[in-house]
Amino acid sequence: MLSIIKLNKEEIDFLINTLGIENIRKQFQKNPRSLQRITPLRAKSLSADQIRSLVHNNLSEDFIYGFLQSNTEDIIRQIDESVSKKKKNIIDKDKAIIIVLAESLFKDNVSIYYKLKEKTTDDDYLRLVSLLVKSPKLVKELSNENDDNDLSEQIERLTKELEEKDTLIESGNANMQQLQKETDQRVADISQQLDQANASILSLQSELNTLKAAEQIPEEDIDDGYTYHSLCTVYDYFGQLWLSRLADISQNTIIPFKPDESKPLKFGNNTRIWHSGPTKIGFVGIWAWNVEQNWNNPNNDHTDTFYCRKYTPIEIIDISKIATKDTMVNHLKKGIESVPSTNKALITVKTGDDDFSGILCSNNDWILNNGVLKLNEACYDVDEYSFAEEDTIELDGKKFYKYLKLKGIPNTIKLYDPIKIVTDIVLKRASWNAIKQKGVSKNTWKICRDFISELPQDDLYKEISDTCKCSESEAKQYVAILIENAQNYINNDNVENDIIANIIPKHPGLIEKCKELITHDWETENEERIATTSEKLLAVEKDVSEKKNELDNVKKEHDRLSSELNTISNSITEKEKLASDVDERIKNKIDDAKKNAAEFISQMAFVAPIYSTASIIPKSCYTSGTLLISNDIEEYDDINDLQNLISEELQNAGVSSKFRDGLAAYMYSAYLTHTPVLLAGPCGKSIANAFSAAINAKLAGTLNCSNTYESNAITEVMNSDDKVIIIENPFSSEWVYSIMELINLPDKFFILITPFTEDLSIEPKGLLNYVLPIFTELFVDSEPTNTFVGSIPSEGFIPIIGKNGSNRVYSQLLSKMKIPSLAVKKICTVIAQAASLYEISEGTDLVYILLPCAYITGKEELLLESIHNQNNVLSKAASEYIKLVENYLGEYDE
């Protein structure tokens, strides 16, 4: 059988459709490593077009070629087996092949069967076989006919029958009219079906609305393992952030909290709770918390709090003084003077004595700028709710919806034309980061993006309805039918066309007659266009003549200017020679002066000492970071967006895809807790710049400690606006003590870099009191490109501080490594932050934190013992991480 490599694109497409896109996707899922060689995307996320493109572009890959070749051979083998069975009753092999092909997967493309079988056939035979296998009636006749009539006789008979259908040609117009009637009838049928479907949709929507109207607020408590759930506001108490307890949550209802004045304000009667989560003063949210006795003083309490992002109170902002129900949306588009204290708000107007109508918005829907709230352009629709005064509650001077969930059925209001929405979505998805993976140049991407942005947004259906004098519903039906049948009207061949195409070449006289009629009709129909074109042609010829004259004049002027240029060049050459002579004479004078000066100095040496008055201006040791300026700079709304952006930038710093997310989590946790990081190994500077670019679209500032110590450099660091600062050669003896004090600045994040991990084995173990060590050679697998895009926080971004805590297993292990208590506390804080903010794989702490600590302290054996101890939680880490540690410490035997 012929190799599928020799098939053309259309034939490969046919095989892909025959075997099925989903079956090919399953083949990709079975071979993830092979798939990773040709695309960074996973098989599950690939679209049908992407799968088709990957097959075409990588057909020679074993896992693709083998799948297609083997399945195609199975189909061919099944056809051949069926032909062999048919030959028991039908002697003529060709007839048996036609009958089997009519029932096979190659029914719609019989030519590919003969090509794969490497059988030579002429085009007429293939067309006849294709016609036969698509006609059940003809196949049935072939099956019922005696074998005495060979296939050639049957072909001759069928050809004769086709030639007898000349009347079909003469009645072509009648057929077209009939086709038009059938099409009109089809349109009418589709319209009727659509009306029925719309009626059914309206009925179902009515039933759904009835069900939703009956929906009530579920009376159930939040089940997350915490005893208390309270609505609190963030406030500052003597420089410390605390939570003021305004109300409690019970069965999804907000109940104002009033402390028992006869009891101390402690434990469950507490009005002030330990803070965690959002840090904006005045922010109102819902916190879950537990309370227990303080270990040091049982008379005092200890609270453990957790910010509940899943549940958000709804603040009510009344704009009845400036708006009505009909103008609410317009006011929100233009902007209203209000700053919500929560992440959700009902912008309301009064519609009755105790009735309100409000538009529900979240912090993703609005933009805040100088105290003005307006809808985000990326918000395409909003929900409108009706509620009563009894559904509200007032707390701390603000009004809130009484329940965590809104009652009733919302009325969805579309804010923009659907075509604009589609255009915005397409542009949003066509970001440079997504498109560049397809191999598209940035210039081409910008051209395509501008083209999509300028697409007309006129209402197509309205124009059709106005022109056709029909409703917009009918206009949509016409467009749908046109799209569905366009290929049939324009491209599809039919039997009548084939017969005409076969007859005309056999009659030279008919060809000439057709040409004559066509030429005459065309000239008659286009008489005015021919005359107009002739006039334009004369005008063009006249214009060409004038341009030729202009060209001659330009050539003459060019010759004149060339002559002047030669004259000027000769003059310049002479002047250059003169300048050269002058330089030579000046040089001789200087040499003479030097000789005289040397003689003078040698004489004066016995009279007075020679002092140097030259001073060297030292070059600054500190370089501020470069601001990234690009149209591709993105905004992040929450910490998950930020982690993804940091991970993307780390890719350009050479970090392996397997470790990027984990490294991003630990570095951001260190950033939140103001814990300086020490990157030991290759690409440290690139990794630091990648992190800085993701945080604030700016490369990190750099303090180079390779030269003599300069106090001015320390001052420059303190006064700079850089958030992230790299310190190169941090262990220089002249700088080290100043560096250890400098990195404690609370408003900057310091990243110390050293190119070799071996250097840390000779540094003082007290180094861990100041920095968190990370070995980059564990996860860097390629050269950095250092092409960073940059990102900045959105206006609605609220940095969330995770849960502080100490892992007892890690604390004990680090203490056994003789690491100071302060360092143990810092390390455990970073680990706890990362675990509470992000989903961290089991064993990542082992690679990122514990391995460097063990290496620096020389306690590698202690770490290996913990890994091999089945009772230790470290033994449960992923096997790949354990092998990585063993291999690094020389304990892993392949």
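Predicted model: local features only at pLDDT ≥ 70, side-chain atom pairs only at ≥ 80, totals over all residues.
Start with the largest nonpolar core: it has 100 residues, and Tyr 668, Ile 687, Leu 703, Ile 739, Phe 779 and Leu 863 are the ones touching the most other members.

**Cores**

- Take Tyr 668: setting aside neighbours within four places in sequence, Tyr 668 is in contact with Ile 639, Leu 642, Ile 646, Phe 691, Ile 695, Phe 797, Pro 799 and Tyr 838.
- There's also a second, separate core, this one of 47 residues, with Leu 19, Ile 112, Leu 126 and Leu 132 among them.

**The seven-stranded sheet**

- Seven strands line up as β14-β15-β7-β9-β10-β13-β16, giving an open sheet with mixed pairing.
- At the edges sit β14 (392–395) and β16 (411–414); each has a single partner strand, so one side of each is left without a neighbour in the sheet.
- From one strand to the next, the twist averages 35°.
- Inside the sheet, β10 (residues 355–362) and β13 (residues 381–388) run antiparallel and are joined by six bridges.
- For a specific pair, look at Ser 357, whose bridge partner in β13 is Ser 386.

**Helices α2 and α5**

- Helix α2 (residues 21–30) packs on helix α5 (residues 62–86) at an angle of about 140°, and their axes are 10 Å apart.
- That angle makes α2 oblique to α5, and the crossing of the two is right-handed.
- On the α2 side, Asn 23, Ile 24, Gln 27 and Phe 28 make the contact, while α5 brings Phe 63, Ile 64 and Phe 67.

Notes. Residues numbered from 1 in each chain as written. Heavy atoms only, no water. Core = buried A, V, L, I, M, F, W, Y, C linked by side-chain atoms within 4.5 Å. Buried < 20%, exposed > 50% of the residue type's maximum accessible area, 1.4 Å probe, protein only. Contact = heavy atoms within 4.5 Å. Pairing = 2+ DSSP bridges. Helix = DSSP H or I, 4+ residues; strand = E, 2+ residues; numbered from the N terminus. Axes fitted to C-alpha atoms, helices over the stretch in contact; angles between N-to-C directions. Parallel < 35°, antiparallel > 145°, perpendicular 65-115°, else oblique. Left-handed = near helix turned anticlockwise from the far one by under 90°.
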